[in-house]
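Keep the structure open alongside as you read.

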Amino acid sequence: MPESDTDDDVLANASRLLEMVNSSWMPQALRVAAELGVADLLADGPRTADDLAGATSTHASSLHRLMRALVTIDILGERADGAFELTPTGRLLQADVEGTVRSWTIYQGRDVWDEWGLMLEAVTTGRSGREIANGKPGFEPLRDDPRRAATFNSAMAELTRLSTRAIVAGYDFGRFSRIADIGGGYGELLGAVLIAHPATSGILFDLPHAIENARPHLAKSGVLERCEVVSGSFFEGVPTGADLFMLKSVIHDWDDERAVEILMNVRRAMGSAARLLLIERLMPERMTSGPEHRSLARTDMNMLVAHAAPERTEIQWRRLLDSAGFSVVGVTPITATSTVIEAVAAV
């Protein structure tokens with residue numbers, strides 16, 4: 001029999017648990033700072049809360065309290081003269097800097113906040129918190145809310161950008177002459193691939209709310225002339241004519257039945273020599289306590305409340321692809337959050 005915890009052990013465990021329970025203020029403080037543009041306003045140097053209150057049309061003393069709170073999580077620094085300055089982490093809330101996560105911060109704190117509060121209902125019913133909150137599942141709420149759609153698409157580009165360099169370096173895209181990025185959003189990853197491989201052309205395919213801003217992004221990257229931009233739904237079909245069909249962080253949004261629909265539509269579009277490339281997270285067969293598995297758990301819970309869909313283990317990915325008519329030919333970890341799963345149409 002294990003010995004009973006001491007009073008000090010109980011207090012330490014309670015303190016640790018309460019720190020997690022009470023942490024909801026952090027994403028909201030970050031979201032408010034991001035929406036107000038605090039980081040952009042501090043980009044040129046320190047400013048006081050009173051000064052920023054005028055620039056943001058906010059209540060000065062309340063803004064001051066928010067900024068002092070942000071000091072405690074290493075977003076801002078508070079100087080002896082009362083002014084606030086950005087930390088290296090805080091700079092990533094600026095709109096247009098390398099590594100920015102501003103849109104993701106706003107999306108999580110504003111657009112899907114209510115969905116997280118419906119986790120109990122998601123667990124008990126198997127429906128997503130999004131469907132329960134909005135009456136519409138999946139990405140349908142984006143179709144009717146241009147502001148939310150723009151924030152989401154920008155957020156997806158931000159997250160993709162963080163892993164793009166490692167993905168491009170970790171997989172030999174140069175083997176292919178034409179790459180179709182299915183559900184590719186603004187074309188962040190496809191653009192990087194085309195920059196790295198000047199002899200390769202591309203097809204970018206996604207819903208209209210994502211595609212409408214893809215052309216300016218691809219033009220800015222200097223690859224628009226090598227990329228066909230097509231709008232549509234992968235539940236209805238995908239473009240043909242590519243020798244690599246790439247889907248990054250797409251299939252994890254859907255349950256097995258809908259995922260197989262997407263994969264079978266891709267299979268129908270593939271020539272006999274074409275390949276499928278999924279870039280997804282791989283869940284471990286057994287979870288342990290620690291930051292890496294905690295990050296995976298967060299994404300799995302995000303899929304639960306947003307889409308009633310799972311992050312999958314390697315065994316689950318292989319079963320899913322097999323049921324859609326594919327044979328897995330390679331599974332290669334690229335980063336802690338990105339694994340390349342390569343497959344061909346089964347004979």
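**Domains, helices and a few loops**

Take residues 19-93 to begin with: their end C-alpha atoms lie 24 Å apart, and the span is 53% helix and 8% strand. Helices here are DSSP runs of H or I with at least four residues, strands are E runs of at least two, and both are numbered from the N terminus. UniProt, in an unreviewed entry, lists this stretch, 19-93, as "domain: O-methyltransferase dimerisation". The record also lists residues 120-327, again from an unreviewed entry, as "domain: O-methyltransferase C-terminal". UniProt positions are given in the numbering used here, feature names are shortened, and annotations may be inferred rather than shown by experiment.

A word on ground rules. This is a predicted model, so local features need pLDDT of at least 70 and side-chain atom pairs count only at pLDDT 80 or more, while totals for chains, interfaces and linings use all residues. Residues are numbered from 1 along each chain as its sequence is written, and side-chain values use heavy atoms, with hydrogens and water left out.

Now find helix α6, residues 102-111. How many of the ten residues of α6 are buried? Nine of them are, so the helix is largely enclosed by the rest of the structure; buried means under 20% relative accessible area, exposed over 50%, and partly exposed in between, using a 1.4 Å probe and protein chains only. The buried set is S103, W104, T105, I106, Y107, Q108, G109, R110 and D111. Their cover includes α2 (25-36), α7 (113-116), α9 (129-134), α11 and α16.

The axes of α6 and α11 come within 7 Å and cross at roughly 135 degrees. Axes are lines fitted to C-alpha atoms, for helices over the stretch in contact, and angles run from 0 to 180 degrees between N-to-C directions. The two helices are therefore oblique to each other; angles under 35 degrees count as roughly parallel, over 145 as roughly antiparallel, 65 to 115 as roughly perpendicular, and the rest as oblique. α6 passes α11 in a left-handed crossing, a label used if the near helix is turned anticlockwise from the far one by less than a right angle, with right-handed for clockwise.

On the α6 side, the contact is made by R102, S103, W104, I106, Y107, R110 and D111, and on the α11 side by R147, R148, T151, F152, S154, A155, M156, E158 and L159. Contact means heavy atoms within 4.5 Å. Sorted by class, that comes to seven nonpolar, three polar and six charged residues. Here Ala, Val, Leu, Ile, Met, Phe, Trp, Tyr, Cys and Pro count as nonpolar, Asp, Glu, Lys and Arg as charged, and the others, Gly among them, as polar.

Stay on α11 (residues 146-170) and you'll come to S163. With 9% relative accessibility, S163 counts as buried. Beyond its neighbours within four places in sequence, S163 touches K248 and S338.

Another helix pair sits at α15 (residues 256-269) and α17 (residues 314-323), packed at an angle of about 55 degrees with axes 9 Å apart. That makes α15 oblique to α17, and the crossing is right-handed. Here D256, A259, V260 and L263 in α15 meet L320, L321 and S323 in α17. The residues of this contact divide into five nonpolar, one polar and one charged.

Finally, some loops. M287 sits between β8 (282-283) and α16 (291-307) and is partly exposed, at 38% relative accessible area. Sequence neighbours within four places aside, M287 is in contact with H293 and A297; the C-alpha atoms of M287 and A297, ten residues apart along the chain, are separated by 8.6 Å.
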